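This briefing goes through a single chain by topic. Please keep the sequence and the 3D view at hand while reading.

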Amino acid sequence: MPLFGNSFSPKKTPPRKSASLSSLHTLDRSIREVELGLEYGQPAMNIGGQSWKFEDGQWMTESGGNTSSRELQRLKKRNVQLEEENNLLKSKIEILLDMLTETTVECCQMEKEVEGIKTQHRRKK
C-alpha cells in the first residue's frame, strides 16, 4: 500500500450560484427602461454651481447658453494671437542679441587694431 496513495480524494464542490449585486432587478419596468434604456441623452455634470453638457465634442454650459461658449471661443482666439505675438517678440529679441554680439565683437576687434597701431607708432618714435 503506497504511502501517498489515492485513499484520500475529496469530492469537488459544486460551483456557487452568482448572486446579483445590482438592485435594478427590483425596480419597476418603466424605471428600469429609464435606467438601462438606449436613450442615454447627452452627458451632463454640475461643477461649482454651473451646469455643463457635452455637445459636438466640447463641454458647453447649459445656463449661459451660447454666450459663455462665444466668450470662450473669443478668449481662445485671443490666446492664440498673444502666443503668436510672444513668439514674434522672442524672435526679435534673439535677432537683436545676435546683432549686439556682432557689434561688440567688431568693436573689440577695432580696439585691438587701434592698440596695435598705437604700439607700432610708439616704436617708430
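This is a predicted model: local features need pLDDT of at least 70, side-chain atom pairs count only at pLDDT 80 or more; totals for chains, interfaces and linings use all residues.

Residues are numbered from 1 along each chain as its sequence is written, and side-chain values use heavy atoms, with hydrogens and water left out. The chain has two helices and three strands, and along the sequence these follow the pattern α-β-β-β-α.

**Fold and exposure**

- Helices (H or I, at least four residues) and strands (E, at least two) are DSSP runs numbered from the N terminus.
- Strand 1 spans residues 44–47, strand 2 covers 50–55 and strand 3 covers 58–61.
- Helix 2 comprises residues 66–124.
- Of the 125 residues in the chain, 2% are buried; buried means under 20% relative accessible area, exposed over 50%, and partly exposed in between (1.4 Å probe, protein chains only).

**Aromatic pair**

- The structure holds one aromatic pair, formed by Phe 54 and Trp 59 in an edge-to-face arrangement, with 5.1 Å from centre to centre and 65 degrees between the planes.
- Rings of Phe, Tyr and Trp (its six-membered ring) pair if their centres lie within 6.5 Å; planes under 30 degrees apart count as stacked, over 60 as edge-to-face and the rest as tilted.
- Phe 54 is partly exposed at 31% relative accessible area, and Trp 59 is partly exposed at 35%.

**Salt bridges**

- There are two salt bridges in the structure, each defined by a side-chain nitrogen of Lys or Arg within 4 Å of a carboxyl oxygen of Asp or Glu.
- In one of them, Lys 53 pairs with Glu 55, and the closest N and O atoms are 2.8 Å apart.
- Lys 53 is partly exposed at 23% relative accessibility, and Glu 55 is partly exposed with a relative accessible area of 23%.
- Arg 74 forms a salt bridge with Glu 71, where the closest N and O atoms are 2.7 Å apart.
- Arg 74 and Glu 71 are separated by about one helical turn, because they are three residues apart in helix 2.
- Arg 74 is partly exposed at 46%, as is Glu 71 at 37%.

**Surface patches**

- Patches are made of residues with over 30% relative accessible area and no salt bridge; like charges are joined within 9 Å, and nonpolar side chains (Val, Leu, Ile, Met, Phe, Trp, Tyr) within 5 Å.
- Met 45, Ile 47, Phe 54 and Trp 59 form a nonpolar surface patch with about 350 Å² of accessible area together, areas being computed by the Shrake-Rupley method with a 1.4 Å probe and, for residues, with only the protein chains shown as cover.
- Met 45, in strand 1, is partly exposed at 34% relative accessibility.
- Glu 94, Asp 98, Glu 102 and Glu 106 form a negative surface patch.
- Asp and Glu count as negative and Lys and Arg as positive, with His and the chain ends not counted; the place of a charge is NZ of Lys, CZ of Arg, CG of Asp or CD of Glu.
- Glu 94 lies in helix 2 and is partly exposed at 47% relative accessibility.

**Backbone angle**

- Asp 56 has a phi near 50 degrees, a positive value in a residue other than glycine.
- Asp 56 sits in the loop between strand 2 and strand 3 and is exposed, with a relative accessible area of 80%.
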